Amino acid sequence: MKRHKVSIIGAGAVGAIVAQNLAQRDAADIVLLDVAEGIPQGKALDLLHASPIYKFHGVIEGTNDYTSTVDSNIVVITAGMPRKPGMSRKDLLSTNVNITRNVVHEAMKYSPEAVIMVVANPVDVLTHIAYKKSGLPRNRVIGLSGTLDSIRLQSFIAQAVGVSAEDVMAMVIGAHGKDNMLPLMRLANVCGIPVKELLDEETLEKIEKRTREAGAEVVSLLKTRSAFYGPGAIVAEMIEAILKDRNKVFPAAVFLTGEYGIQDCTLAVPVILGKNGIKKILEINLTEEEKASLHAAAQAVKEMLASIEL
Ligand SMILES: NC(=O)C1=CN([C@@H]2O[C@H](COP(=O)(O)OP(=O)(O)OC[C@H]3O[C@@H](n4cnc5c(N)ncnc54)[C@H](O)[C@@H]3O)[C@@H](O)[C@H]2O)C=CC1
Ligand SMILES: O=C([O-])CC(=O)C(=O)O
């Protein structure tokens, strides 16, 4: 059977961890591409050496040349500047918009049918740009928004209750940013048991706050850069859901055309991921307060979009 191929554009911290997670799952052949000479080649070679341990049976290539990415099933965009303490994700906008435009243009030349997964920040805006620039149908352009926030929320709940994180279901939708994400605490549960039956209000509020600030908490500890283990793990999980047609539910950034009453904007809502990317957008019932938060998130994304040329 022909193996799948995933190209990761941006062989920095997140790109390398995505590659490592894919190799450990033997999920696909991997191309690591970067503008920096030697970095993708060196990381690909180092990762190749782990093949006997990871039981990886495919090809790993490091390159500076897009021809190597030809016929990729998935193109992951991890190219872009990460933030440092004191910066917001929005501060990355002008630099990363140009990088995303260029990456999409190059990648589409060689893999016009790929699914694009955008990771670089501000991710909701860059996913919107990748959608517009690529000309792909919206189900093939997916942003890592909400998903990382969700696994952070799940981990914090698991710690507080004292259960396996695998048993926690919790979702964050909206935009990927402290003030514009919407942790759906009302629906969070441990094997079907509502978290409100397991944790008191004050603990839940602390968990919600920590989830909103989790990215910044990592940045403040690392000092020179942002998170990479959590992002790398969840990107690989989403990729595997697509390649193996798993029909798994994730929140992910997608261009909305009226769902949740939102038009012409990209932000995270629950979707089913499988063959060809997003198979379905799930429209769940939200409370009036949640709807207002989601619309405020859309407004914030639209304001960022208005500040750049599309
Ligand atoms: N959506 C999310 O939840 C998350 C998003 N991020 C974002 O992902 C991006 C990458 O983060 P890191 O890997 O930590 O950064 P990094 O600085 O370690 O790596 C970025 C890489 O992109 C490369 N690059 C820059 N311009 C390029 C271009 N035009 N073509 C190809 N490669 C190019 C750089 O040479 C560098 O190796 C950042 O924007 C960060 O904010 C990071 C974590 C989570
Ligand atoms: O915090 C950042 O800048 C990187 C990111 O999006 C995250 O870790 O959530």
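Me: Which residues does Arg89 touch, not counting residues up to four places away in sequence?
Reply: This is a predicted model, in which local features need pLDDT of at least 70, side-chain atom pairs count only at pLDDT 80 or more, and totals for chains, interfaces and linings use all residues. Residues are numbered from 1 along each chain as its sequence is written, while chains are lettered from A and ligands numbered from 1 in the order in which they are written. Contact means that the C-beta atoms of two residues, placed from the backbone, lie within 7 Å. On that basis Arg89 touches Arg83, Asn121, Pro122, His176 and Gly177.

Me: Is Arg89 buried or exposed?
Reply: A residue is buried if 20 or more other C-beta atoms lie within 10 Å of its own, exposed if 12 or fewer, and partly exposed in between, with C-beta atoms placed from the backbone. Arg89 lies in the loop between β4 and α4 (93-110). Arg89 has 23 other C-beta atoms within 10 Å, so it is buried.

Me: Which residues does UniProt list for "binding site"?
Reply: The entry is unreviewed. UniProt positions are given in the numbering used here, feature names are shortened, and annotations may be inferred rather than shown by experiment. The record lists Arg83, Arg89, Asn121 and Arg152.

Me: With which residues is Arg152 in contact, leaving aside its neighbours within four places in sequence?
Reply: Arg152 lies in helix α6 (residues 147-161); helices (H or I, at least four residues) and strands (E, at least two) are DSSP runs, numbered from the N terminus. Arg152 counts as buried, with 25 C-beta neighbours inside 10 Å. The contacts of Arg152 are Thr211, Ala214 and Gly230.

Me: Which helix gives the most to the shell around ligand 2?
Reply: A residue is near a molecule if its C-beta atom, placed from the backbone, lies within 6 Å of it. Ligand 2 is surrounded by Pro82, Arg83, Arg89, Asn121, Leu148, His176, Gly215, Val218, Val219, Ser226 and Ala227. With three residues, the helix that gives the most is α8 (residues 214-222).

Me: How do the residues of the shell around ligand 2 divide into nonpolar, polar and charged?
Reply: Ala, Val, Leu, Ile, Met, Phe, Trp, Tyr, Cys and Pro count as nonpolar, Asp, Glu, Lys and Arg as charged, and the others, Gly among them, as polar. The shell around ligand 2 has five nonpolar, four polar and two charged residues.

Me: Which element gives the most to the shell around ligand 1?
Reply: Ligand 1 is surrounded by 34 residues, of which the closest are Gly10, Gly12, Val14, Ala79 and Gly80. The elements that give two or more residues to this shell are α1 and α4. With four residues, the one that gives the most is α4.

Me: Which element gives the most to the side of domain 1 that touches domain 2?
Reply: 37 residues of domain 1 are in contact with 33 residues of domain 2. The elements that give two or more residues to the domain 1 side are α1 (13-24), β4 (74-77), β5 (115-118), α5 (123-134) and β6 (141-143). With seven residues, the element that gives the most is α1.
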